[in-house]
Amino acid sequence: MNETPAQPDYSNLRGNVSLLGRLLGETIAAAEGDDFLELIEDIRGLSKQGREVGGLSREPLLAILRELKNEQLVPVARAFSQFLNLSNIADQQHTVSRHMDPLLSASRKLSEGLHELLEEGVSTEAVIEAISQLKIELVLTAHPTEITRRTLIHKHSEIGHCLGQLELEGLTERERERLHKRLRELIAQIWHGDDFRTQRPSPVDEAKWGFAVVEDSLWQAVPQFLRRLDRALYENCGEHLALDAVPVSFVSWMGGDRDGNPNVTAEVTREVLLLSRWQAADLYLGDVEHLVEELSMTTCSEALREWAGDSHEPYREVLRGLRGILRRTRGEIEVALENGARSVPHASKDIFHEVGQLWEPLEACYRSLVDCGMGLIADGALLDLLRKVRCFGVHLVRHDIRQDSSRHTEVLSELTTYLGLGDYAAWEESARQAFLLQELASRRPLIPPRWEPGDAAREVLDTCAVAASQPPGALGAYVISMARQPSDVLAVHLLLREAGCGHNLPVAPLFETLDDLSRAREVVGTLLQDSWYRGHIDGRLMVMIGYSDSAKDAGVLAASWAQYRAQEELLEVCDQHGVDLTLFHGRGGTIGRGGAPAGEALLSQPPGSLRNGLRVTEQGEMIRAKLGWTSLAVKTLALYTTAICRANLRTPPEPRPEWRDLMDRLSQDSCAAYRGVIRENEDFVPYFRCATPEQELAKLPLGSRPARRAAGGGIESLRAIPWIFAWSQNRLMLPAWLGAGAALRQAVERGQGDMLAEMAASWPFFATRLSMLEMVYAKSDAGLSAYYDECLVPQALQPIGDGLRRQLATDMDTVLSLRGLDELLQGEPWIRESLRLRNIYTDPLNMLQAELLQRDRQQPDPVLERAIMVTIAGIAAGMRNTG
């Protein structure tokens, strides 16, 4: 008789949510009075009742919200918002909890993942090779989706730490009470503090936030992850991870991404690069000082004696020398920063400028300890530091530069006009390519010394000069957004050469609209046919795939198929020319921007797409959710590792020809349905601006980048992030589903339902699309969307919302039928339960937000505006994402 699999135990999670809720209630009562807490409980109770009867009885809740006095608006919104934040902390802590299913722990996940591959017939040698070739490059971006202030993030981390401590067995009553007291203190600090920044962060502030993620989490997570990977490899294959292995590294766009952000200048990038080096030196210094205290042994090898001389404590002698280098490095960088980041510290043996300066003496210490029978000591903090040196290098993170292709065209247009060659911008593509290749092959400079470009052109040239002045390890890539032609890539190579860039900085075109994705093969193929270009890239190419803008352009289903096909075609054309292709995935956190659970997303990629590693953006609040705590980061890296190894060693199934044909048709139909609403209905943009808080979102001090690429304009000028964010607020979730269900319904009506079911069962790419649609439907709420329309949308525009909600209901039925389910998230009971519990707290925030938006638009009021901001943050917390 088969035993029913044990269900995960969520009692500890529920207990933590209850504990934090109770402590928040006590804090609110102490600060606002018992009557106010009773009001909050009344609202919560009515919200719960409304959900219990299917959302049909929300009038009592609306009545109490409408009666709130102005001075009650912000505290009520904050109470529900903070409960959702605390629930998220408990949820995050649970994922790394000792009460969690041990099969889901990072160590077990790695070991089980490798064991399964061996059981499935993969050879030990192949697994060892896959781990040795593993390359995970996580790109931390400056996208303004992190709505939580850094000071609050710190408090949230502290709360998570306390919850973890409370799990420990054998705590005395005094220890338990101390932890409860600390939780009360932290929650009180949150309640009595400010939820929002008073000003938008500068690009330098954003970069410092990124460095803080490294310092607070990744600095410890990397060596912890590598210890687990080493153990898993040894347990399953009898091999240890190489000492100099670098399976994971980090890149930052913060301070380097100037696409549509005039606040990111060449001077900002120069400053951020220096701050990055300072942070690295500071972190290394802390570790070296710790080792100076620890490594007091007197016995050493002859090889180390050459480093240490006649010192009685040779390890300390070597480490003190490193300590001096790091202190001088930190000091020189501080002087450079005080001088406006103009004077870059020079390269010398006294300043840390090359990895070998740390690696070689530290490795000598390590080898000496092993040779002298002290391997246990060698494999402690010293091994961790060696791992960090390989991962973080001189600059902590490498930095990408990103710029829109049109900015490079403007520079060349201005230059060719000055030189009397005509207007580059007006030339045909063939003429542009011929000019650029001729100049790239020439040994003479193109830019005359006396030319004085305009401010915009000067800024682009200054940025190229900053890139050229950096050593090879400082930068990751120069990314060209809205790359459409081969000349867009060649132009950047020329501008970098003119700036004196002596090393081969990867120049990565970003293909992001449906049309650009469909032409990616043609563009790259044309480049690879040129002998200068092939020689210059030396067999390696990086191409970035844009998920956000393609989905905004064509809808999620058409965009995802275009992304899949573009990757296949790029892999094929690069194979034909013997070029190793690194695909750089520009995913967001939300489904409407290409987001998906990491394992599912990687295993649904085209075969071969991960063989040269994974390079992927981690954006906004997803950085905190996946990498913000050391334990979370270790788990995230373990998940990526097992998925990449499986994708590379057990090739995902390729779609059959008839599946491709059907996907082509689904893509066409879904794109037509999506654009029929978004582009062809002239009333849609006015409806969007009325029905969502899009206008109000621009007032949130989220990030340094403007919400629009250009002033005015319609949906096309709006960035993907506020586009997604706005629809998640009113719970229609439109960009994440529009067009997909309609196309699937049409296929069913054509008699292709069986083939769709077959695709869902046998093709990870298609199965993941349906799974993501189901998740979006579960987060949507037609009733709340209708209430927003009732409050905010003029009568003449309301039929648009009515039609969209009817389409949503039809699409839900279609996907449930295809998946053979009776209800949404039937196979995900905890996620369904989590959403149900969150809705009790998000419903009042949504209803209050709609009411506040109505009042504020009729008669603007700072109190109303602040309350709206709080509801926006609270709903984002409830949805677990922003943009």
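View 1. (Buried means under 20% relative accessible area, exposed over 50% and partly exposed in between, using a 1.4 Å probe and protein chains only.)

Before moving on, a word about the model: it is predicted, so local features need pLDDT of at least 70 and side-chain atom pairs count only at pLDDT 80 or more, while totals for chains, interfaces and linings use all residues. Residues are numbered from 1 along each chain as its sequence is written, and side-chain values use heavy atoms, leaving out hydrogens and water.

**View 2. A barrel of eight strands.** Follow the strands around and you will find that eight of them close into a barrel, in the order β1-β2-β3-β4-β5-β6-β7-β8, with parallel pairing. From one strand to the next, the twist averages 25°. (Helices, H or I of at least four residues, and strands, E of at least two, are DSSP runs numbered from the N terminus; two strands pair if DSSP finds at least two bridges between them.) Angles run from 0 to 180 degrees between N-to-C directions, with axes fitted as lines to C-alpha atoms, for helices over the stretch in contact.

**View 3. Strands β3 and β4 side by side.** Five bridges join β3 (residues 398-404) to β4 (residues 475-481) in the parallel sense. Look for H399, which stands opposite L475 in β4. Helix α9 (residues 203-237) packs on the sheet and touches β1, β2 and β3, its direction making about 170° with that of β2. (Contact means heavy atoms within 4.5 Å.)

**View 4. N85 in helix α4.** N85 is found in helix α4, which spans residues 70-95. With 16% relative accessibility, N85 counts as buried. Leaving aside neighbours within four places in sequence, N85 is in contact with H156 and A877.

**View 5. W737 and the nonpolar cores.** The largest nonpolar core has 123 residues, and I159, L666 and W737 have the most contacts inside it. (Such a core is a set of buried Ala, Val, Leu, Ile, Met, Phe, Trp, Tyr and Cys residues joined through side-chain atoms within 4.5 Å.) Not counting residues up to four places away in sequence, W737 touches several residues, among them V556, L732 and Y777. A second, separate core of 92 residues includes L226, Y284, V288 and L386.
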